[in-house]
Amino acid sequence: MYQHVQPSNTNHIYADGHNVSTKATSNGTMCANGSIGTEGPEATETDSSGTGRMRKPLERNGSTQNDTVHLERRLGLFSGVALIVGTMIGSGIFVSPSGLLVRTGSVGVSFIIWLACGLLSLLGALAYAELGTMNTSSGAEWAYFMDAYGPAPAFLFSWVSTLVLKPSQMAIICLSFAQYAVEAFVTECDPPGGVVKMVALVAIVMILFVNCYSVNLGMAVQNVFTAAKLVAVVIVICGGAWKLFQGNTQHLSNAFNGPMPNIGAIATAFYTGLWAYDGWNNLNYVTEEIKNPSKNLPRSIIIGIPLVTLCYALINISYLAAMSAQEMIESEAVAVTFGNRILGALAWLMPLSVTVSTFGSANGTLFAAGRLCFAASREGHLLDILSYVHVRRLTPAPGLIFHSLIASAMVLHGTIDSLIDFFSFTAWIFYGGAMLALIVMRYTKPNHPRPYKVPIIIPVVVLVISVYLVAAPIFETPRIEYLYALLFIFAGLIFYVPFVKLGMTPRFMNKVTLFFQLLLEVVPTSSMAMFE
């Protein structure tokens with residue numbers, strides 16, 4: 001049996017230097033200022049499957065004078081849609097069209113894959129909506145794996161996602177941001193690699209500051225940049241519509257000319273397309289901060305993802321109204337080439353639009369990533385300090401800083417192309433795992449409250465497709481990188497057994513935690529988790 005229980009008497013040192021004594025109550029929760037007692041009906045939630053698992057979610061509508069530190073519900077429907085749209089529309093639609101054309105060899109097939117990626121993202125997000133309304137704890141896949149499979153698979157997800165998936169996603173987006181930002185000032189030659197990486201690092205620092213300073217500021221930035229990027233999308237669509245009105249439809253005729261791609265090529269083409277759609281599940285990472293999540297979570301998904309799919313379809317048509325498929329393939333910056341042909345003296349709007357789009361996407365990615373770190377570490381799956389919250393601003397600052405440091409390292413030592421395929425291959429292993437978790441809990445927790453419920457065929461279809469996306473590239477074009485990815489996933493067991501399962505903690509870690517607690521002005525939230 002694995003058990004992670006906070007000690008019965010601990011002193012938490014707050015930023016202003018005073019100590020607050022906390023004691024464990026009879027139900028295992030921690031009360032500040034020495035008060036002892038229960039916290040009402042939401043204090044302890046018993047697993048309906050009868051496994052004896054108990055979870056104490058941090059779900060509250062507000063705080064009282066003596067309340068423990070927790071994340072507040074501050075995200076409404078508009079912010080939820082903005083987080084989905086703002087995270088999904090990043091660099092992908094401005095970079096991926098050419099890559100998808102290369103892998104499919106056909107305008108028609110590539111367009112079908114764009115639409116299929118949107119449909120797959122919507123189906124996956126609807127399944128996540130059921131999972132997110134069943135368990136409104138932050139952490140998305142981590143929380144669902146914990147409920148369906150137990151701590152070991154959940155730890156493996158948090159291990160891979162914290163060290164690779166989320167940081168690599170942010171690194172890719174920030175590198176794309178820097179590439180377009182620098183290109184606006186360098187016209188005669190390619191942007192210097194060192195300058196691009198420095199600009200990417202500056203972007204990471206700016207986004208980190210915004211999200212550490214305030215949740216409201218982080219979401220305000222997300223809302224503003226989402227609105228700005230939608231304006232840019234409208235400019236592209238209107239420019240393409242004007243070209244079509246002029247009769248430039250030659251690049252859209254005979255769309256299915258050319259050989260059909262093989263199974264492996266289609267799977268890797270899906271990787272390219274799905275990268276542009278990635279972010280459809282980010283709202284599930286912040287469910288503890290959503291107002292009325294049982295309604296706003298599915299509503300945000302139903303509004304946001306079809307909107308993105310429609311934008312992507314119209315943008316691709318607009319590109320083909322202005323240039324041929326071969327020109328798109330040869331262009332390193334499709335959106336910039338489009339702007340040069342359509343906008344004339346206002347061509348500078350395109351690189352500006354891409355920088356705005358990618359900055360907003362990176363902001364939403366870090367916003368969600370910090371919550372995963374927070375959720376996993378408060379259950380003892382990561383370092384304790386990563387579950388701490390700033391004493392005044394109520395932001396998970398340590399988790400945000402940790403992700404930003406790893407993303408910065410990837411920016412310094414990686415490239416966009418080398419990260420995208422690895423990210424997509426690994427991510428869809430866990431997306432498939434989440435679909436299986438939903439199916440499993442339909443049988444193990446049949447009576448668990450489900451404010452939103454999808455037809456069972458939806459997670460089944462997404463699970464089958466995820467298995468295809470993972471297996472097809474391995475069998476069609478085996479690459480050593482896929483083996484490295486699988487080995488890295490299971491290497492997490494080396495750390496899980498001694499440090500999580502057996503609860504071994506080096507003595508110096510208490511001093512390290514205290515040092516960072518004082519340095520960052522953060523305090524632990526009260527929680528208890530028991531697993532049998």
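Which element of the chain has the lowest mean pLDDT, and which the highest? Strand E9 (residues 529-531) has the lowest, at 30, and helix H6 (residues 193-213) the highest, at 90. Here pLDDT is the predictor's confidence in each residue, from 0 to 100. Helices (H or I, at least four residues) and strands (E, at least two) are DSSP runs, numbered from the N terminus.

This is a predicted model, in which local features need pLDDT of at least 70 and side-chain atom pairs count only at pLDDT 80 or more, while totals for chains, interfaces and linings use all residues. Residues are numbered from 1 along each chain as its sequence is written, and side-chain values use heavy atoms, with hydrogens and water left out.

**Confidence along the chain**

The average pLDDT of the chain is 77, and 81% of the residues score at least 70. Over residues 1-68 pLDDT stays under 50, and for this stretch the model has 153 contacts (heavy atoms within 4.5 Å) beyond four places in sequence. Residues 527-532 also stay under 50, with 23 contacts beyond four places in sequence.

**The nonpolar core**

A nonpolar core is a set of buried Ala, Val, Leu, Ile, Met, Phe, Trp, Tyr and Cys residues joined through side-chain atoms within 4.5 Å. Buried means under 20% relative accessible area, exposed over 50%, and partly exposed in between (1.4 Å probe, protein chains only). The largest nonpolar core has 144 residues, and Trp 142, Ile 301, Tyr 319 and Trp 428 have the most contacts inside it. Helix H5 (residues 151-183) gives the most to this core, with 18 residues. In soluble globular proteins, nonpolar side chains tend to be buried together.

**Salt bridges**

A search of the whole structure finds four salt bridges, each being a side-chain nitrogen of Lys or Arg within 4 Å of a carboxyl oxygen of Asp or Glu. The table lists some of them.

| Pair | Closest N and O atoms |
|---|---|
| Glu 130 and Arg 442 | 2.8 Å |
| Arg 450 and Glu 130 | 3.2 Å |

Glu 521 lies in the loop between helix H18 (508-520) and strand E8 (522-524), whereas Arg 392 lies in the loop between strand E7 (388-390) and helix H13 (397-413), 129 residues apart. Glu 521 is partly exposed, with a relative accessible area of 26%, and Arg 392 is exposed, at 54%. Elsewhere, salt bridges that share partners join Glu 130, Arg 442 and Arg 450 into one network. Arg 450 counts as buried because its relative accessibility is 15%, and Glu 130 is buried with a relative accessible area of 0%. Arg 442 is buried as well.

**A buried charge without a salt bridge**

Glu 141 belongs to helix H4 (residues 141-148). Glu 141 is buried yet has no salt bridge, and the nearest side chain of opposite charge, Lys 166, is 6.3 Å away; Lys and Arg count as positive and Asp and Glu as negative, while His and the chain ends are not counted. The side chains of Glu 141 and Tyr 128 are joined by a polar contact of 2.6 Å. A polar contact is a pair of N or O atoms within 3.5 Å; within protein, one must be able to donate a hydrogen and the other to accept it, and residues adjacent in sequence count only if both atoms are side-chain atoms. Not counting residues up to four places away in sequence, Glu 141 touches several residues, among them Phe 157, Asn 281 and Tyr 285.
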